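Below is a colleague's note for a reader who is meeting this structure for the first time. Its points take up the ligand and its surroundings, and then the sheets.

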Amino acid sequence: MKPSKFHYHAPATIGDAVGLLGAHADEAKVLAGGQSLVPMMSLRLATFGHLVDLNKVDGLAGIERSNGHVRIGALTRQATAEHDTTVASDVPMMAKALPHIGHFQIRNRGTVGGSIAHADPASELPAVALALDATLEAAGPGGERQIAAADFFEGTWQTALAEDEILTAVRFPVWGAASGFAVEEVARRHGDFAICGAVCGVELDGDAIVRAAIGLFGVGPTPVRSTLAEQALIAGGAGSDLADIARQAADPLDPSDDIHASGAYRKQIAAVVVRRALTKAIEEARS
Ligand SMILES: Cc1cc2nc3c(=O)[nH]c(=O)nc-3n(C[C@H](O)[C@H](O)[C@H](O)COP(=O)(O)OP(=O)(O)OC[C@H]3O[C@@H](n4cnc5c(N)ncnc54)[C@H](O)[C@@H]3O)c2cc1C
């Protein structure tokens, strides 16, 4: 199938892009890598009269480190971030999550910001942003604003971005040297969206865990942060019973059944992937 007719706009500045979104309101949609939007339009699951292509907007791509943060421009391709040395050393959870996204052809076009703004509940990067307390930078008619990842994901494909706002960058805090990270997921085939996955990080001081992050995806309409399990892990330290911590992360979940898996199966898998990811993260932090 082909998409229904639409007007194509290629603004050169963020201001022009925001202006176009405002002018065409709910008829307009931002186009980034097109890896989710174009299939949805081609299958006529979504129809928009105006596409505002961000690919010619200056200054939306790039990766830089400053003041204890790594800032990734929204238009940075997933493949660029995957092979970037700053991301590998300073946001390892992100570097480990990226290869799980589809296939390399998709990551060559798909953008970091597109994945986060699309907010698919089975996506890796929204869970990474949530688990790492990322800050989302947005531009709209009123100027720029910053949104905490905890306030960003509102539902399946729904975020705190207004219709006339653009996600411009994502900022990740850099963790200390004695940290470890792991991403574990279960998918039917390589390249498929995960049935369920976990992103975990720990920062050690000897055997004490001074910081912990446990994020889950594929278990509800938004990514989930398991703060109670994080607190239990910090209280118990690196010698904690990880199967028990993982159960504490999975217990509050209530995933739905769908054509890919039952909710009960997803919940069971959630405990498995959290345990595996925490085991690897602690091993890495110790080494
Ligand atoms: C076969 C296949 C397998 C895939 N597997 C996975 C997977 O395993 N895991 C995974 O996470 N993803 C997967 N994807 C999706 C892929 O990661 C997409 O690249 C991503 O979801 C969207 O990024 P994009 O840049 O292509 O955005 P687009 O498709 O261009 O846009 C997606 C949505 O986000 C909005 N948007 C994009 N950028 C911005 C912005 N800067 N500001 C505001 N709104 C914006 C658009 O308006 C649109 O609504 C898969 C895709 C395909 C086709």
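1. The model is predicted, so that local features need pLDDT of at least 70 and side-chain atom pairs count only at pLDDT 80 or more, while totals for chains, interfaces and linings use all residues. Residues are numbered from 1 along each chain as its sequence is written, and side-chain values use heavy atoms, with hydrogens and water left out.

2. The ligand is surrounded by 30 residues, of which V30, G34, L37, T111 and S123 are the closest; a residue is counted here if one of its heavy atoms lies within 4 Å of the ligand. Divided by class, this shell holds 13 nonpolar, 14 polar and 3 charged residues, where Ala, Val, Leu, Ile, Met, Phe, Trp, Tyr, Cys and Pro count as nonpolar, Asp, Glu, Lys and Arg as charged, and the others, Gly among them, as polar.

3. A polar backbone atom of L37 is 2.7 Å from a ligand oxygen, and a backbone N or O atom of G33 lies 2.8 Å from an oxygen atom of the ligand. A nitrogen atom of the ligand, in turn, has a backbone N or O atom of L167 at 2.9 Å. Of the 960 Å² of accessible area that the ligand has on its own, the protein covers 89%, with areas taken from the Shrake-Rupley method with a 1.4 Å probe.

4. The elements that give two or more residues to the shell are β2 (28–31), α7 (112–118) and β10 (166–173), and the largest share, 4 residues, comes from α7. Helices (H or I, at least four residues) and strands (E, at least two) are DSSP runs numbered from the N terminus.

5. An open antiparallel sheet is formed by 5 strands in the order β4-β5-β10-β6-β7, and two strands are said to pair if DSSP finds at least two bridges between them. Because β4 (63–66) and β7 (143–148) stand at the edges with a single partner strand each, one side of each is left without a neighbour in the sheet. Within this sheet, β6 (residues 135–140) pairs with β10 over 5 bridges in the antiparallel sense, and E137 has A169 in β10 as its bridge partner. Helix α1 (residues 14–24) packs on the sheet and touches β6 and β10, contact meaning heavy atoms within 4.5 Å.

6. A further open sheet has 3 strands in the order β1-β3-β2, with parallel pairing, and its edge strands, β1 (7–9) and β2, each pair on one side only. β1 and β3 (residues 50–53) pair over 3 bridges in the parallel sense, and H9 stands opposite V52 in β3. Helix α1 packs on this sheet too, touching β1, β2 and β3.

Conventions:
A polar contact is a pair of N or O atoms within 3.5 Å; within protein, one must be able to donate a hydrogen and the other to accept it, and residues adjacent in sequence count only if both atoms are side-chain atoms. Axes are lines fitted to C-alpha atoms, for helices over the stretch in contact, and angles run from 0 to 180 degrees between N-to-C directions.
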